[in-house]
Amino acid sequence: MKAIVSVKRAVDYNVRIQVKPDGSGVVTEGVKHSMNPFDEIAMEEAVRLKEKGKITEIIAVTIGGAKNEETLRTALAFGATRAIHVKDDGGIEPLTAARALAAIFKKEGAQLLIAGKQAIDDDANQTGQMVAGLLDIAQATFAGKVDIEGNKATVVREVDAGLETLEVDLPAVITADLRLNEPRYLKLPDIMKAKRIAIEATTLAELGVTAAPPVKTLKTTPPPSRSKGVMVKTVDELVAALKAKGLA
Amino acid sequence: MSDSQPNQPIERDVMEYDVVIVGGGPSGLAAAIRLKQKAAEAGKEISVCLVEKGSEVGAHILSGAVFEPRSLNELFPNWKELGAPLKTAVLRDELHMLTSETAGIKLPNLFVPKTMHNEGNYVISLGNLCRWLEEQAVAAGVEIYPGFAAQETIVEDGVVKGIQVGDMGIDRDGSHKPDFAPGIELRAKYTLFAEGCRGHLGKRLLKQFKLDEDVDPQHYGIGIKEVWDAPAGKHRPGLVVHGAGWPLDVLGTGNTGGWFLYHADNNQILVGLIVDLSYSNPYLSPFDEFQRLKHHPVLKQYLEGGKRLSYGARAIAKGGFNSLPKMVFPGGALIGCDLGTMNFSKIKGSHTAMKSGMIAADAYADALLGGNAGGDALQAFPEVFKQSWLYDELYRSRNFGPAIHKFGALFGGAFNWIDQNIFGGKIPVTLHDTTPDYATLKLAKDSTQIAYPKPDGKLSFDKASSVFMSSTNHEEHQPVHLKLTDPSIPIAKNLPLYAEPAQRYCPVGVYEVLGEGANARFQINAQNCVHCKTCDIKDPSQNITWVAPEGSGGPNYAGM
């Protein structure tokens, strides 16, 4: 069984995001990028399923410019069997990404798409769901636990009210939540080997995908800075302060 | 996955290369590129592997920086076409002697030592230059692995055979976590150590191979730097301002240093203070000196109303020529700041670091291409070095640091003006400074406590918010990477004698003394560490040893 894992190159989670002085976006130049952490979790889950013999082939897919190759190398070091780079230098909308992933899914005859539930740069949380819609297949989002038996996947989802267990027929889309697993340390020999694996390149045009019209960003502003805290000495003072603010 | 535990022998993978380079800074990357260039010229192959402890190349790089392009011109004559990030040419130099918190003198150009003129130089981010050099190195076929720290040297029969990469997944108590991944061995015919100032392996190699026995002790400074978004109307791209004096000594020789303020591209101002680690007052806090320095009118005029973008700190090795150890040992060499090639009279070490890497690469490439099996102490490297402009440059500036140490900022500066401008650095006398920096502290009882002003949150800041600005991070459960040889010394000895200076010299608050009297205890917040190495250098008892934490830990500098 083939599984596709979508991996996105995003600004690293350790980086303090800075808004460009002209408000046109955030600074990405000269800033560390790495694989979106939720995609790392998706990648780890795929590798574990492969180690358990549930799937046989993991195809990592990324969409973007030349530097995205690093992200695919990371996926290969994790244990992806193949890597596909959809080369595109435009801003990729979730719908465009979903169309490309759906096209590859069909072309490869995959049974499973495992994706991060969202990317930490745009926090869109749309692509996985859209792929399921485009392909008209089942989806199990925010997965905290995944089991595959035969032609079915049992997925424990993290929802507001607690945990929800779903059984979905394959093919299906699963999106990974934070607690699904803890991604392994990449070993240097695996990273070295990953350098030598050829990456398959394609384009949106070759996949027969038209890019979705871009959403126009009007303005980017940093969040308001935290105002100074007030120290209170007693519980009564705290209650009074909260009341004064209309919070209690 | 592994079930191994520390008491079991660990099986390590081994990879072999012609040359392994430790550290992705200017010297390591220049050496890697030059090795590949030499191999390509000869139509042969030299395999080169470079490991970098930062999460990416550039993450741990911190420098002023005004960059002299001499070495880059030699390495890539076409660097402009290749898009090297040298965007802002220096347009104007200023040198100030601050005499009090409000007063200062701007020195006329005539009185500025020649080495501090910067025509033809560029204001850059050294981190970004290293990122660019990495791209060139990868394109040339160098294998670069960021996020992997060289933990140990492999020495067999007195020969350095390579390095062992740090293990991942060790718990605080030393046991192996389920995701334990043993570090592999990278073996090489020659290993070049380019860890930067006070490299933890370089330090051991100096001792093990007795490389620095016949020279003056190395001298250091701690550089603290911030990047600012300039306030509207205050940005003067290409303006380079240097200064000395207040808040450190003007006439005295005990506590010296100098500061910089550079106007870079992208509306950024780079501001920093270098405090000589030969300072004598244990109550001195380089961090707080820097914070109050920014309130001086000469600096404040450019910063007030602006926004601090990032913060960081790094020690520099500035002993120069007189402290230069032997460069080679069986199986490898030290290069760059690991060796100590900074030119303190220019306050520049990037071009000299690159050049030392390139000279080494020439020598080692010739040896390898000539069929040398490696493992020897290759004398061709020091021989070529002695014929180079780098040697000449370091020789000419040999007196600069010792003069400041001996005569203070003002009179030492005057000596340097005479030496550099009249004698071209060849004044027929060599000043030596033979007291190591850890031995210069006066006792607390003989020293004046310093009352630092409270930060205002606009120009000056506290340590906690500054640490945050360095984006430093370490996996939290790993063993503490700052080792105390004797855990009792901080409280039993350093506290009564020197008021435990670690609390103040550490620029990110790693060291704290909590409680008082009999309840006093020493706390190490290793997670804050920005790998500046000051503690390893300045501890008066030489009791702190910095070792490499788990790979990719440490600061995540952007554009430093």
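In strand E6 of chain B, which residue is the bridge partner of B:Leu98? The partner is B:Gly104, and the strands that carry this pair will be taken up again below. The model is a predicted one, in which local features need pLDDT of at least 70 and side-chain atom pairs count only at pLDDT 80 or more, while totals for chains, interfaces and linings use all residues. Residues are numbered from 1 along each chain as its sequence is written, and chains are lettered from A and ligands numbered from 1 in the order in which they are written.

Chain A has 248 residues, of which 38% count as buried, a residue being buried if 20 or more other C-beta atoms, placed from the backbone, lie within 10 Å of its own. Its C-alpha atoms fill a box of roughly 65 × 45 × 40 Å along the principal axes, and its secondary structure comes to six helices and 11 strands, where helices (H or I, at least four residues) and strands (E, at least two) are DSSP runs numbered from the N terminus.

Nine strands of chain A form an open sheet of mixed pairing, in the order E9-E8-E7-E10-E6-E1-E4-E5-E11; two strands pair if DSSP finds at least two bridges between them. Strand E9 (162-169) and strand E11 (200-203) of chain A each have a single partner strand, so that at these edges one side of each is left without a neighbour in the sheet. Direction ignored, neighbouring strands of this sheet are turned by 35 degrees against each other on average. Within the sheet, strand E4 (residues 57-64) and strand E5 (residues 82-87) of chain A pair in the parallel sense over six bridges, and A:Ile63 stands opposite A:Val86 in E5(A). Helix H2 (residues 68-78) of chain A packs on the sheet, touching E1, E4 and E5 of chain A, and its direction makes about 165 degrees with that of E4(A); such angles run from 0 to 180 degrees between N-to-C directions, with axes that are lines fitted to C-alpha atoms, for helices over the stretch in contact.

Chain B is divided by its domain assignment, whose bounds come from an automatic or database source, into domain 1 (14-81 + 127-215 + 321-396), domain 2 (88-123 + 220-317 + 438-546) and domain 3 (400-435). The C-alpha centres of domain 1 and domain 2 of chain B lie 27 Å apart, and 20 residues of domain 1 of chain B are in contact with 28 residues of domain 2 of chain B, contact meaning that the C-beta atoms of two residues, placed from the backbone, lie within 7 Å.

Helix H1 (residues 26-42) and helix H8 (residues 350-369) of chain B have axes that come within 7 Å and cross at roughly 35 degrees. Among the residues that make this contact are B:Ala31 and B:Leu35 of H1(B) and B:Met354 and B:Met358 of H8(B).

Now back to the strands of the opening. Strand E5 (residues 92-98) of chain B runs parallel to strand E15 (residues 239-245) of chain B, joined to it by seven bridges, and in E15(B) the bridge partner of B:Leu98 is B:Gly245. Three bridges join E5(B) to strand E6 (residues 104-106) of chain B in the antiparallel sense, and E5(B) and E6(B) form a hairpin with five residues between them.

Finally, the two chains meet in a contact that takes 23 residues from chain B and 16 residues from chain A. On the side of chain B that touches chain A, helix H4 (126-139), strand E11 (168-170) and strand E12 (176-181) of chain B are the elements that give two or more residues.

Terms used
A residue is buried if 20 or more other C-beta atoms lie within 10 Å of its own, exposed if 12 or fewer, and partly exposed in between; C-beta atoms are placed from the backbone.
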